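The sequence and structure come first.

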Amino acid sequence: MGKKIKSVKEKIDMDKQYLLEEAIKLVKESSYTKFDEAVDLAVNLGVDPRKSDQMVRGTVVLPHGIGKKVRVLVFAKGEKEKEATDAGADYVGAEDLVEKITKGWLDFDKSVATPDVMGLVGKLGKILGPRGLMPNPKLGTVTFDVAKTVKEIKAGKVEYKAEKAGIVHVPIGKVSFDADKLFENAKTIINSIIKAKPATSKGKYLKKLSISSTMGPGIAVDIASLGKGV
């Protein structure tokens, strides 16, 4: 074990559950890399995502963004194409983008589509779907309100979805963020996940919660201290 990793682990009691504020402070203090690490939130939920009525997914705009430039691609035609460009979309088009993606180009982070071109975009399902890049009406990325959607994504709108084991992983910012900004971003995500609780979910909903930097250990958060809302 390297000296840096060892010194980091000495700061953290792996058997303890910390207050959210304390966990964030420890994540910042225990970062030892030369690059600005991402800070991620992991929430273990008491749901079975294999059941359609227990899937937890949603989107939320973080008050302080995630500290990353998000490249947004918009599938649109006509007036909506201009609207997307004016709103700050990085790539806008229709058939030309579909052809480009079919040939292997994937240099974007999020995609949006107007409903009238989804017949065209649907051909990309096998390429974009597994990568989480497919426009989805449930996540608000299939819409005629292109300008608003692009601006929200650019401002820090993030998506979350429970994986097979019922765990949600979502970024809340960078290590360089002020602790209070990370705290507010974390609160926003947690409250959104709480509101997304399926009616069919029984027993304890928030089972475990931890925060970590890209290279750092997970720091457990005391869920009881969060109350019904954060």
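## Nonpolar cores

Leaving out residues up to four places away in sequence, Ile189 touches Leu41, Val60, Leu62, Val158, Val170 and Ile172, where contact means heavy atoms within 4.5 Å. The model is predicted: local features need pLDDT of at least 70, side-chain atom pairs count only at pLDDT 80 or more, and totals for chains, interfaces and linings use all residues. Numbering starts from 1 along each chain as its sequence is written, and side-chain values use heavy atoms, with hydrogens and water left out.

Ile189 is also one of the residues that touch the most other members of the largest nonpolar core, which has 38 residues; the others are Leu20, Leu41, Leu45, Ile193, Leu209 and Ile211. A nonpolar core is a set of buried Ala, Val, Leu, Ile, Met, Phe, Trp, Tyr and Cys residues joined through side-chain atoms within 4.5 Å. Buried stands for under 20% relative accessible area, exposed for over 50%, and partly exposed for values in between (1.4 Å probe, protein chains only). At least two residues of this core come from each of α2 (20-29), β1 (38-45), β6 (157-161), β7 (167-174), α8 (179-195) and β8 (206-213). These elements are DSSP runs numbered from the N terminus: helices are H or I with at least four residues, strands are E with at least two. Helix α8 supplies the largest share of the core, six residues. Another core, of 15 residues, lies apart from it and includes Val121, Leu124, Leu128 and Leu133. In soluble globular proteins, nonpolar side chains tend to be buried together.

## Ser192 in helix α8

Helix α8 also holds Ser192. This serine counts as buried, at 15% relative accessibility. Apart from neighbours within four places in sequence, Ser192 is in contact with Thr59, Val60 and Tyr160.

## The three-stranded sheet

An open sheet is formed by three strands in the order β4-β3-β5, with parallel pairing; two strands pair if DSSP finds at least two bridges between them. Strands β4 (91-93) and β5 (110-113) are at the edges with a single partner strand each, so one side of each has no neighbour in the sheet. On average, neighbouring strands are turned by 15° against each other, direction ignored. Axes are lines fitted to C-alpha atoms, for helices over the stretch in contact, and angles run from 0 to 180 degrees between N-to-C directions.

Strand β3 (residues 72-75) is joined to β4 by three bridges, the two running parallel. Leu73 has Tyr91 as its bridge partner in β4. Two helices pack on this sheet. Helix α4 (residues 95-102) touches β3 and β4, and its direction makes about 125° with that of β3. Helix α7 (residues 146-155) touches β3 and β5, at about 165° to the direction of β3.

## Aromatic cluster

Tyr91, Trp105 and Phe108 form one aromatic cluster. Rings of Phe, Tyr and Trp (its six-membered ring) pair if their centres lie within 6.5 Å; planes under 30 degrees apart count as stacked, over 60 as edge-to-face and the rest as tilted. The count by this rule is two aromatic pairs. Tyr91 and Trp105 make an edge-to-face pair, 4.9 Å centre to centre with 85° between the planes. Tyr91 lies in β4 and Trp105 in the loop between α4 and β5, so the pair ties together parts 14 residues apart in sequence. Trp105 and Phe108 make a tilted pair, 5.5 Å centre to centre with 40° between the planes.

Tyr91 is partly exposed at a relative accessible area of 27%, whereas Trp105 is buried at 15% and Phe108 is buried at 3%. Lys100 lies over the face of Trp105, at 4.3 Å from the ring centre; a charge sits over a ring if NZ of Lys or CZ of Arg is within 6 Å of the ring centre and within 35 degrees of the ring normal.
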